[in-house]
Amino acid sequence: MATATLARQIGRAITKATNSTGPGRNGWFSPHMAAASRAIAERIPLVDLVLEVRDARIPLSSACDQLRNYTSSSKRIIVMNKMDLANHSQLKDWMKYFEQKNYISYGVNAHNKESIQQLLNFLQARVRELKKVDHSSHTATILLVGIPNVGKSALANSLHRIGRISAAEKGKLKHATVSPQPSETKNITGLKIASHPNIYVLDTPGVLPSHILDDEVCTKLALTGTIQDCFAGEKELAQCFLSILNRSDEYKKWAKLSNSENERSFADRNIECSTSSEMGMKRKRQYPTDHTQDFVVHDVRRTLFEVISSFDGNVEDERLIEEEFKAMHAAFQVPLESEHYAQNKIAAKLLNLFRTGRLGHYILDSIPRKL
């Protein structure tokens, strides 16, 4: 099954599920999201800079619909967060694309101190430039806006933490709410990130449009965790991820895992087991079902490489995905008590490893072609 076809099917399922929650209601567009949309719209004209935080894996699909008609390119900065999860060479191409469109863009990893420090230096420089133009010395405010789950709150907290260290300020740290679940931020929170001049960031709730018409965009938002899994189904999303993996070059990077495994003889493994039996027993006792452990991820990568490489057919054939799911039983050590339960368990583990960058680095959007 072609990836695009599968993505459209999932997108239609999401649209159907969210529209079936009741007349005039949408599964993700809650009343607090509607209120947040109004509050953000009121603040945009009042701030010095608008940081539109996007997910670097979906630079277009994660665009904030509220800024569609925002024309001030000098005061708007597109911050592509989670750059550590994206394909680095493709991300550079996206930066060039935004530059050609006269947008200021910046890639960042909200959990990396060096990356945050560089962003903070960049923002301070931008604020100083703006102050020279309007001859103002008052406190600067930066509004963080974006869809849910792009890491706005994590970014605000990191800027606050690094900014306070740089300014050697004392006192109790404030924190914006951070959660792995989308739409957890409910209020607009102000955090100081710099002195001379004083700069504050305003963290805002993630906002989606009430309806998303593009089925493939829906799927990409679900794959990256912006739309909750329950609307699409974990198994369907995992199948979509596998179809993306199968068509990419990411799995080829794991060839050495298979080669190194094959080069080890049965005797070598027995010797290794006997000399480290205590460590092996400890590992088995502690980590047999923890899919985040390095040795489990190693097995998953190796297994996926071997299944894809040995498949005799088109990599877009849905039979390949079926074989991958079967092979994941052993790699994830999922018992075969119930096929439905096992497949859902495997799907959840695969999605987690994809979303945390353990199964490769991807950009799911394609750069628009010039007309």
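These notebook entries record what I looked up in a predicted model.

**Conventions.** I number residues from 1 along each chain as its sequence is written, and my side-chain values use heavy atoms, with hydrogens and water left out. As the model is predicted, local features need pLDDT of at least 70 and side-chain atom pairs count only at pLDDT 80 or more, while totals for chains, interfaces and linings use all residues.

**Sheet.** I took helices (H or I, at least four residues) and strands (E, at least two) as DSSP runs, numbered from the N terminus. Two strands pair if DSSP finds at least two bridges between them. I found an open sheet of six strands, in the order β3-β2-β1-β4-β6-β5 and with mixed pairing. β3 (104-107) and β5 (189-194) stand at the edges with a single partner strand each, so one side of each is left without a neighbour in the sheet. From one strand to the next, the twist averages 25 degrees (axes are lines fitted to C-alpha atoms, and angles run from 0 to 180 degrees between N-to-C directions). I then looked at β2 (residues 76-81), which pairs with β3 in the parallel sense over four bridges. V79 stands opposite Y106 in β3.

**Helix α12.** I noted 15 residues in α12 (residues 318-332), with 21 Å from the first C-alpha to the last. This is close to the 21 Å expected at 1.5 Å a residue, where the expected span is 1.5 Å times one less than the number of residues. At the N-terminal end D317 caps α12, with a side-chain oxygen 2.9 Å from the backbone nitrogen of R319. After α12 comes Q333, whose phi is positive, near 55 degrees. Buried (under 20% relative accessible area, 1.4 Å probe, protein chains only) applies to several residues of α12, including L320, I321, E324, F325 and M328. The buried residues of α12 pack against α7 (234-247), α11 (294-310) and α13 (339-355).

**Aromatic pairs.** I searched the whole structure and found nine aromatic pairs. Rings of Phe, Tyr and Trp (its six-membered ring) pair if their centres lie within 6.5 Å; planes under 30 degrees apart count as stacked, over 60 as edge-to-face and the rest as tilted. The ring centres of F241 and Y362 are 5.9 Å apart and the planes stand at 90 degrees, so this pair is edge-to-face. F241 lies in α7 and Y362 in the segment after α13, so the pair ties together parts 121 residues apart in sequence. F241 counts as buried at 1% relative accessibility, and Y362 counts as buried at 6%. I also noted a cluster in which ring pairs link W94, Y97, F98 and Y103.

Note on methods. Buried means under 20% relative accessible area, exposed over 50%, partly exposed in between (1.4 Å probe, protein chains only). Contact means heavy atoms within 4.5 Å. A polar contact is a pair of N or O atoms within 3.5 Å; within protein, one must be able to donate a hydrogen and the other to accept it, and residues adjacent in sequence count only if both atoms are side-chain atoms.
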